[in-house]
Amino acid sequence: MALMMMPFELPKLLKAVFIIQSAMPTMTNAAVMARELNGDFRFASISITQTTLLMLVVIPILMILVS
């Protein structure tokens, strides 16, 4: 997403919002929805945990690159 936004002439803040928003972790209610709909809620829970932990590292790096 970051590379896709670079060539466009958009305000810097708007680019930053697009890039940071695209880096956000998996929706947290996905596990609840998976359990209610008889889906694989364990996989959903693992995905939420992994993406949240990964984004603790990735989002600060993206903010540095965007600014």
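1. How many residues has α4, and how far does α4 reach from its first C-alpha to its last? The helix has 26 residues and reaches 35 Å, close to the 38 Å expected at 1.5 Å a residue. The expected span is 1.5 Å times one less than the number of residues. Helices are DSSP runs (H or I, at least four residues), numbered from the N terminus.

2. On the source: this is a predicted model, in which local features need pLDDT of at least 70, side-chain atom pairs count only at pLDDT 80 or more, and totals for chains, interfaces and linings use all residues. Residues are numbered from 1 along each chain as its sequence is written, and side-chain values use heavy atoms, with hydrogens and water left out.

3. α4 has a kink of about 40 degrees, centred on M55. The bend at a residue is the angle between axes fitted to the seven residues ending there and the seven starting there. M55 is also one of the buried residues of α4, together with A44, S47, I48, I59, L62 and V66. Buried means under 20% relative accessible area (1.4 Å probe, protein chains only).

4. The largest nonpolar core has eight residues: A16, I19, I20, A23, M55, I59, L62 and V66. Two or more residues each come from α2 (12-22) and α4 (41-66), and α4 gives the most, with four. Such a core is a set of buried Ala, Val, Leu, Ile, Met, Phe, Trp, Tyr and Cys residues joined through side-chain atoms within 4.5 Å.

5. Leaving aside neighbours within four places in sequence, A23 is in contact (heavy atoms within 4.5 Å) with M55, I59 and L62. Apart from this core lies another, of five residues, including A31, A34, A44 and I48.

Notes. Buried means under 20% relative accessible area, exposed over 50%, partly exposed in between (1.4 Å probe, protein chains only).
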